[in-house]
Amino acid sequence: MAAEEITHGRDAAFVARVRPLLETYVRYFRPDVRGLERLPEKGPFLVVGNHSGGATPPDIPILLTAWWRERGIDEPLYGLFHSAFLALPGVGRVMQRAGALEAGWDNAEAALNEGAVVIVYPGGDYEAFRPFWERDRIEFAGRTGFCRLAIRLGVPIVPAVSCGAHDTQLVLTRGARLAQLHPVLRRFRVKTQPFLLGLPFGISPGLPTLQLPARVVVELGHPIDLADEFGRDAADDDERVRAAYDRVTDTMQATLDRLAAERPGQRWF
C-alpha cells in the first residue's frame, strides 16, 4: 500500500469508538503516564519508545489513551508497526484506522512532512521479546534509522520510556538464532522465535499468555533536537549517527534505571 494511502487511513471517529475499550484494558495495569506537558505543542516530531511485554505489549495503548485524554483524538498521531503484524488477517485495516503505518522510511517521512506526530519503537520484536531478566534494559539492536530520519527532517525526538510493561510476560528467550533458521520468519523479516512461560499454555512459542497485573509507568522526556546537536548533515555520517543513537538510548536508559529504582517490591502490587 502506498505511503499516502496509509497516512490518510486514520479515522478519528473510529478512534473515538475504540477508545473506551482501550481505556478499560489499560486500567488493568494501573498506568501512570508522566511528562505529557513536555510534548511540543504540535507536530511534526518523533516519539521514540522502548517496547516491552512480549506478544501483547501494553505500552502502546497506555501511551495512546493518556495522549488522547490530554490532547484529544483529532491530532494526527501515527504509530509505526511491522509489516508482518499488519498482514495478520483482520488486523491491518483496523490498525490503520487507528493510526498504524507500516514501518518504513517513506511512510514515516510522509507523515512527518504533513506535520504529524509519529511513534516508533525501534527495538521492535527484538526488544519486546528480550528475556525477562533483561526487562530493565533499552535494547534497540543498533537500529539507527530513527536518528537518521530525525536529523534529515530536522524534527525533535521525544523519548517515551516505559517501566513495568515487561513484567506482564515471562519471556524465557527471544530465539534470535532460531529465527535465522526459519525460512518463513526470514521472509517476513521477523528477528525472533521467542518462548514464553505463562497461562494457559505453559511454555509457548511466542503465543500471548495471560498478562500479569504489573504496574506500568510511561515517562515522556524533554525533546531532543539531534539536528541541532550533531548537525543537519550528520544523517549521512555513520559516526555521528551512532553518536546520536547513543545520545538517545543513554538518555532513555538513565530514565529507565530511575523508574526501576522507584519500584522495588512494587512490580505487581
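**Helix packing and salt bridges**

Modeller: Helix α8 (residues 145-153) packs against helix α12 (residues 238-261) at an angle of about 105°, and their axes lie 9 Å apart. Helices (H or I, at least four residues) are DSSP runs, numbered from the N terminus. Axes are lines fitted to C-alpha atoms over the stretch in contact, and angles run from 0 to 180 degrees between N-to-C directions. The model is predicted: local features need pLDDT of at least 70, side-chain atom pairs count only at pLDDT 80 or more, and totals for chains, interfaces and linings use all residues. Residues are numbered from 1 along each chain as its sequence is written, and side-chain values use heavy atoms, leaving out hydrogens and water.

Colleague: How is α8 oriented to α12?

Modeller: Their packing angle is about 105°. Angles of 65 to 115 degrees count as roughly perpendicular. So α8 to α12 is roughly perpendicular.

Colleague: Which residues in α12 does α8 meet?

Modeller: Contact means heavy atoms within 4.5 Å. By class, this contact has 7 nonpolar, no polar and 2 charged residues. Here Ala, Val, Leu, Ile, Met, Phe, Trp, Tyr, Cys and Pro count as nonpolar, Asp, Glu, Lys and Arg as charged, and the others, Gly among them, as polar. From α8 come Phe-146, Cys-147, Arg-148 and Ile-151; in α12 they meet Asp-238, Val-241, Ala-244, Tyr-245 and Val-248.

Colleague: How many salt bridges does a search of the whole structure find?

Modeller: A salt bridge is a side-chain nitrogen of Lys or Arg within 4 Å of a carboxyl oxygen of Asp or Glu. Some link up in a network, as with Asp-32, Arg-34, Arg-38, Glu-219, Arg-258 and Glu-262. The search finds 20.

Colleague: Is Glu-23 buried or exposed?

Modeller: Glu-23 forms a salt bridge with Arg-19, with the closest N and O atoms 3.6 Å apart. The two are 4 residues apart in helix α2 (residues 12-27), so about one helical turn separates them. Arg-19 is partly exposed at 25% relative accessible area (buried means under 20%, exposed over 50%, partly exposed in between, with a 1.4 Å probe and protein chains only). At 13%, Glu-23 is buried.

Colleague: How many residues apart in sequence are the parts tied by Asp-236 and Arg-152?

Modeller: The side chains of Asp-236 and Arg-152 meet in a salt bridge, 2.5 Å from N to O. Asp-236 lies in the loop between α11 (226-230) and α12, and Arg-152 in helix α8, so the parts they tie together are apart in sequence by 84 residues.

Methods
Angles under 35 degrees count as roughly parallel, over 145 as roughly antiparallel, 65 to 115 as roughly perpendicular and the rest as oblique.
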